[in-house]
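Please look over the structure below before reading the notes on its surface, one of its pockets and one of its loops.

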Amino acid sequence: AVTAQTITATNNIFAEGNLSVDQTLTVRGTFESEGDIFTNGLLQVGTPANEIFVADSLNSKVSIGTTTGNATLFVQGTSTRDVFAVASPSGASLFSIIANGNVGVGTSSPLAAFTVVGREGVNALSVASSTGESFFTIGQNGFIGVGTSTALALLDVWGGLRVGTGT
């Protein structure tokens with residue numbers, strides 16, 4: 001275990017046990033650790049001009065893409081990089097937030113503020129109660145079900161329907 005207030009290295013640091021730094025750890029080269037890393041302040045990854053990841057243990061915050069995040073987890077994209085993406089083990093897009101703020105479910109290139117691209121055998125959108133009762137469904141065939149999850153027509157309403165032109 002290594003414990004110090006300040007460590008500066010211009011080449012490489014290799015730690016096989018725990019590394020504890022109370023103030024500043026600066027590495028200009030390679031840093032490898034096979035143990036735990038503890039800090040009583042900031043853990044920053046990147047360069048001073050391009051912070052990629054910052055963990056702030058004093059304020060319980062993690063920032064990605066910026067040093068000035070104002071939430072417990074703050075992710076900031078760039079004009080050329082999407083903000084957030086989640087993919088399946090095969091690499092297929094499951095969820096994304098792109099640089100212009102559009103959100104995609106099932107797509108990495110949403111064309112509207114909120115875009116859902118369904119998968120074969122799965123409804124594109126389903127809204128249900130906490131008990132699973134279907135309120136609203138858009139099926140994989142494009143049929144819309146209100147009160148049913150298995151719409152059999154373009155618009156399939158189970159229950160009362162009210163249509164009016166006034167109050």
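The briefing that follows covers a nonpolar patch, a pocket and a loop residue.

This is a predicted model, in which local features need pLDDT of at least 70 and side-chain atom pairs count only at pLDDT 80 or more, while totals for chains, interfaces and linings use all residues. Residues are numbered from 1 along each chain as its sequence is written, and side-chain values use heavy atoms, with hydrogens and water left out.

**Nonpolar surface patch**
- A nonpolar patch on the surface is formed by L125, V127, F135, F136, V146 and L155, which together have about 470 Å² of accessible area.
- Two or more residues of this patch come from each of the elements β14 (125–128) and β15 (134–138), strands being DSSP E runs of at least two residues, numbered from the N terminus.
- F136, which lies in strand β15, counts as partly exposed because its relative accessibility is 31%, where buried means under 20%, exposed over 50% and partly exposed in between (1.4 Å probe, protein chains only).

**Second largest pocket**
- The space in the second largest pocket amounts to about 240 Å³, and its lining includes N50, E51, I52, R81 and D82.
- Strand β7 (residues 50–56) gives the most to this lining, with 3 residues.
- By residue type, the lining divides into 4 nonpolar, 5 polar and 3 charged residues.

**Loop residue S149**
- S149 lies in the loop between β16 (144–146) and β17 (155–157), and S149 counts as partly exposed because its relative accessibility is 39%.
- Although S149 and N123 are 26 residues apart in sequence, their C-alpha atoms are 8.4 Å apart in space.

Methods:
Patches are made of residues with over 30% relative accessible area and no salt bridge: like charges are joined within 9 Å, nonpolar side chains (Val, Leu, Ile, Met, Phe, Trp, Tyr) within 5 Å. Accessible areas come from the Shrake-Rupley method with a 1.4 Å probe; for residues, only the protein chains shown count as cover. A salt bridge is a side-chain nitrogen of Lys or Arg within 4 Å of a carboxyl oxygen of Asp or Glu. Helices (H or I, at least four residues) and strands (E, at least two) are DSSP runs, numbered from the N terminus. On a 1 Å grid over the protein atoms alone, a cavity is a set of points where a 1.4 Å probe fits but cannot get out, and a pocket is an open set with protein on both sides within 12 Å along at least five of seven lines; lining residues have an atom within 4 Å of a point. Grid points are joined across faces, edges and corners, and a volume is the space filled by probe spheres set on the points. Ala, Val, Leu, Ile, Met, Phe, Trp, Tyr, Cys and Pro count as nonpolar, Asp, Glu, Lys and Arg as charged, and the others, Gly among them, as polar.
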